[in-house]
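Here is a short tour of a protein chain for anyone who likes to keep a structure open while reading. Have a look at the sequence and the fold, and then follow along.

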Amino acid sequence: MAAMAALLSTGFASCSSDDDVDNSVVTGSQAALDQACADWKVARANWEQSEAFLFGAADVYSIDPHTDTWPVAANDLAQVLRDEKAMGSLEHFIKTANSGILGYHGLEYVLFRQGKPRDISQITNLEYNYICAVAMDLYNATATLEAAWDSKESNAERLKIAKEYVATHLSIDDEGNQEGALDGFQNFGKAFKNPGSGDWETALDATLEIVSGCQDIIGEVGDSKIGLPYTGEDATYIESPYAYNSITDFYDNIVSCKNALYGGIGAVTPNEKSLIYFCRNAGNATLAAQASKVTTKLDGALQTIQAMKAPFAIYFADASSKAAIDALGELDDALGELSETLKGYAGNATVEAQCKIINENYVDNVVLLTYRTLANNAYKLYQSIRKLRVEK
C-alpha cells in the first residue's frame, strides 16, 4: 500500500472558471452506480489480499503507489474534475499525474459518500470521463502484475498490456511524484522460482521474502493504517474513508498473509507445499513451535480486526483499534522469530530443495492466481463504470 500524508500538487493549472465548466450530469441509473460500487469493493478486496507480496512488479514498476496512494489529494482531484483541458487528454494525463488522484481511491472519491454509493444525479460527465480512464488504467496495471508473475507467460494479451504499461508509465518517488522511466519488462515469477536468475540468490532467500512480505504489511496495518489515526498522530490518515471500507481493507491485508503462509487462496489449513507446513514438519522442534505460534497469532489478529468498531473513519480512536494494533504486533514478532530460525538453514541442500517447492507453489497458487483474479475483476469494474452513462 502506498500512502502520502499531505495533499500534493498535480502539476497543472486549471484553465476553467466556474462559469465555463461543463456541469452536465451523467445519463445513467442508480442501479448501475450501485453495481459499480459493489464491483469496486470486490476489486478492492483482491488488491488488499495481494499486499503481502508488494515486492517484485508492484514495487519495481511503481504499481502500488500508482494505483493505491492515499489519502486522496482531495483538493487537487476536485480541481481536476472541473478542468476540461485536463479531461481532453486523459490517457496521457493519468500516466503522468501525481498518484494521489488516481487508482482505487480516485475512483472511490467519485463513487462513494459516507459508506454508500453517491446519488447518480450528482455525478457529472467530466467525472464520468475521468473514472472511465482511471478504471482502464487500473486494469492495465493489474494486468501487468499478472503478466509479470506468470512464469509461463500464458496470456499473450496481458503480456502485451504489461510491456506497453512498463514502456509508457513512469516511476514514482516517495512523495507520489512521477520521475524517470521504468526498467524494462521482466518476469518475476521465473526469477522467484529459479534463484540466482534475478533478485533472489537462493531458494531460501526467496522463501524468506514470503515472510518479510507478510511482516511489511502487518507492520503497516498496525503502525500506520490503524496506528497513526488511533494515536492522534495523523487523524486524516484513513484508508478508504469514502466507502467506509477501512476495516475490510485491514482484514484483507492479513488474509493475504494467511494465503501466502498457507500456500493457497482461501486456505483454511496449510497445504503440503506451504511454508507453514514445512516448518511444522522439518524435524526442528523450535521451528515447529514457532510455526504453530504464527498460526495462532494469525487467527487472533484476524478475529481482533473483525471485532473493531466500524466505521473506522469515525471510530478510529476506539479501544478496539488498540487491541488490533497489539494483536498485529504479536503476529509480527512471531513471524520474526520464525524467520530467524529459518535463516539457520542457509546452505542446507535438502532445505533448498524444499524451499524451491514452496516457492513454485507460492508463485502459481498464491501470487499469480491473486493477480489474475484481481485483473479479471478490475476489468469487470471498468465495464461497470462504463455503464454509468447511457448514450442518447
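## A note before starting

Please keep in mind that this is a predicted model.

## Helix 12 against helix 14

Let's begin with helix 12, which spans residues 246-262, and helix 14, which covers residues 285-306.

On the helix 12 side, the contact is made by Ile247, Phe250, Tyr251, Ile254, Val255, Cys257, Lys258, Leu261 and Tyr262. Helix 14 contributes Val294, Thr295, Leu298, Asp299, Leu302, Ile305 and Gln306. Sorted by class, the residues of this contact are twelve nonpolar, two polar and two charged.

## Helix 11 against helix 17

A second pair to find on screen is helix 11 (residues 203-231) with helix 17 (residues 349-386). Here the axes are 8 Å apart and the packing angle is about 50°, which means that helix 11 is oblique to helix 17. The crossing of helix 11 and helix 17 is left-handed.

The contact holds seven nonpolar, two polar and two charged residues.

Helix 17 also carries serine 384. Serine 384 has 10% relative accessibility, so this residue counts as buried. Leaving out residues up to four places away in sequence, serine 384 touches Gln35, Ala36 and Asp39.

## The nonpolar core

In soluble globular proteins, nonpolar side chains tend to be buried together. In this model, the largest nonpolar core has 116 residues, and Leu107, Leu111, Tyr130 and Trp149 have the most contacts inside it. To see the surroundings of one of them, select tyrosine 130: apart from neighbours within four places in sequence, its contacts are Leu77, Val80, Leu81, Met87, Leu90, Phe93, Ile94, Ile101 and Leu102. There is also a second, separate core of five residues, among them Tyr139, Ala143, Ile161 and Ala375.

Valine 110 is worth a click too; its place is in helix 7, residues 103-111. With 0% relative accessibility, valine 110 counts as buried. Residues up to four places away in sequence aside, valine 110 touches Leu81, Arg118, Ile123, Glu127 and Ile131. Glutamine 122 is twelve residues from valine 110 along the chain, and their C-alpha atoms are separated by 9.5 Å.

## Backbone details

Where are the cis peptide bonds? One joins tryptophan 70 and proline 71, with omega about -10°. Proline 71 sits in the loop between strand 2 (69-70) and helix 4 (74-80). Another cis bond links alanine 310 to proline 311, with omega about -5°. Proline 311 is in the loop between helix 14 and helix 15 (312-315).

Glutamine 114, a residue other than glycine, has a positive phi near 50°. Glutamine 114 belongs to the loop between strand 3 (112-113) and strand 4 (116-117), and its 63% relative accessibility makes it count as exposed. Glutamate 153 also has a positive phi, near 50°. Its loop runs between helix 8 (125-149) and helix 9 (156-168), and at 30% relative accessibility glutamate 153 counts as partly exposed.

Conventions:
Residues numbered from 1 in each chain as written. Predicted model: local features only at pLDDT ≥ 70, side-chain atom pairs only at ≥ 80, totals over all residues. Heavy atoms only, no water. Axes fitted to C-alpha atoms, helices over the stretch in contact; angles between N-to-C directions. Helix = DSSP H or I, 4+ residues; strand = E, 2+ residues; numbered from the N terminus. Contact = heavy atoms within 4.5 Å. Nonpolar A, V, L, I, M, F, W, Y, C, P; charged D, E, K, R; others polar. Core = buried A, V, L, I, M, F, W, Y, C linked by side-chain atoms within 4.5 Å. Buried < 20%, exposed > 50% of the residue type's maximum accessible area, 1.4 Å probe, protein only. Parallel < 35°, antiparallel > 145°, perpendicular 65-115°, else oblique. Left-handed = near helix turned anticlockwise from the far one by under 90°.
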